[in-house]
Amino acid sequence: MSKVNLSHTPHTDEEIAARVKALEAVLIEKGLMSEAGVNRFAEIYENEVGPQLGSKVVAEAWINPEFKARLLDNATDACRELGIGGLQGEHMIALENTKDVHNVVVCSLCSCYPWPVLGLPPNWYKSMAYRARITREPRACLKEDFGLELPDSVEIRVWDSNSELRYWMLPRRPDGTDGMNKEELAALVTRDSLIGTGLAKTPPA
Ligand code: FE
């Protein structure tokens, strides 16, 4: 019997692509999915679902305090109000980043990520390097790997997502954004600010 590799060692892009092709072939051969279905699924998560949806949720929360309260209370339900939800987002928790507390998310075991609001995770999120360092020395990791230097007075909290529960952040609303509308605000929200490895952009003066 051949050995099963249970390690979480990242595979090369070529290996992953080959495995995906093999899985796709099996699913189609067994009649579990059609080729069109597979293509549509890939298209959705490549082009339609992404951080632009999370940005929309954040802009709504910045503008509407009642929505914000609902979002922090139950992110899954609040997102559903905006028509956002689905696979890998069945149980989501949004945490508020403030002047005093900065939250950041990792999946220390693998790569769990809230697809409905963020799309597919960037490669670094899945890397052993990020998973190890953000857990062990978050302040140094944020500063050296992401250029995010937080004052010592800011408490950093690291949250470990898993397949049951996925965290993401409500970034702090930047100063100087008082008169901005929802679309303008959403444009300030970056993917990294939703993960907690960055801040929302400051509007041009
Ligand atoms: Fe995971």
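Which residues does P138 touch, not counting residues up to four places away in sequence? I looked this up first. P138 touches R133, I156 and V158. I take a contact to be heavy atoms within 4.5 Å.

**Ground rules.** I am working on a predicted model, where local features need pLDDT of at least 70, side-chain atom pairs count only at pLDDT 80 or more, and totals for chains, interfaces and linings use all residues. I number residues from 1 along each chain as its sequence is written, and side-chain values use heavy atoms, with hydrogens and water left out.

**P138.** I placed P138 in helix 9. Helices are DSSP runs (H or I, at least four residues), strands likewise (E, at least two), numbered from the N terminus. P138 counts as buried because its relative accessibility is 17%. My cut-offs are under 20% relative accessible area for buried, over 50% for exposed, and partly exposed in between (1.4 Å probe, protein chains only). I also checked P138 against E35, 103 residues apart along the chain. Their C-alpha atoms are separated by 42 Å.

**Helix 8 against helix 9.** I describe two packed helices by the angle between their axes and the distance between the axes. Helix 8 covers residues 128–136 and helix 9 covers residues 138–146. They pack at an angle of about 130°, with axes 5 Å apart. Helix 8 is therefore oblique to helix 9. Axes here are lines fitted to C-alpha atoms, for helices over the stretch in contact, and angles run from 0 to 180 degrees between N-to-C directions. Under 35 degrees counts as roughly parallel, over 145 as roughly antiparallel, 65 to 115 as roughly perpendicular, and the rest as oblique.

I then listed the residues that meet. Helix 8 brings Y130, R133, I134, T135 and R136. Helix 9 brings P138, A140, C141, L142, E144, D145 and F146. The residues of this contact divide into seven nonpolar, one polar and four charged.

What covers the buried residues of helix 8? The buried residues are Y130, R131, R133 and I134. Their cover includes strand 2 (101–106), helix 7 (123–126), helix 9, strand 3 (155–160) and helix 11 (191–195).

**Iron site.** I read off the donors of the iron ion. They are C107 (SG), C110 (SG), S111 (N), C112 (N) and C112 (SG), at 2.2 to 2.7 Å. Donors are N, O and S atoms within 2.8 Å of the metal (3.2 Å for Na, K and Ca); water is not among the atoms, so sites may look incomplete. In sequence the donor residues are spaced C-x2-C-S-C. Is C107 buried or exposed? C107 counts as buried, because its relative accessibility is 1%. S111 is partly exposed, at 26% relative accessible area.

**Nonpolar core.** I define such a core as a set of buried Ala, Val, Leu, Ile, Met, Phe, Trp, Tyr and Cys residues joined through side-chain atoms within 4.5 Å. The largest one has 46 residues. V57, L71, C79, Y130 and W168 have the most contacts inside it. Helix 3 (residues 51–63) gives the most to this core, with six residues. Leaving aside neighbours within four places in sequence, C79 is in contact with V57, L71, I84, M92, V117 and W168.

**E60 and K182.** E60 is in helix 3. E60 counts as buried, at 12% relative accessibility. Beyond four places in sequence, E60 is in contact with F67, L82 and K182. K182 sits in helix 10 (residues 182–186). K182 is partly exposed, at 35%. With the same exclusion of neighbours within four places, K182 is in contact with A59, E60 and I63. K182 and K56 are 126 residues apart in sequence and 7.6 Å apart in space, C-alpha to C-alpha.

Q88 has a positive phi of about 65° although it is not a glycine. I found Q88 in the loop between helix 5 (75–81) and strand 1 (92–96). Q88 counts as partly exposed, at 24% relative accessibility. R80 lies in helix 5. R80 is exposed, at 54%.

Terms used. Ala, Val, Leu, Ile, Met, Phe, Trp, Tyr, Cys and Pro count as nonpolar, Asp, Glu, Lys and Arg as charged, and the others, Gly among them, as polar.
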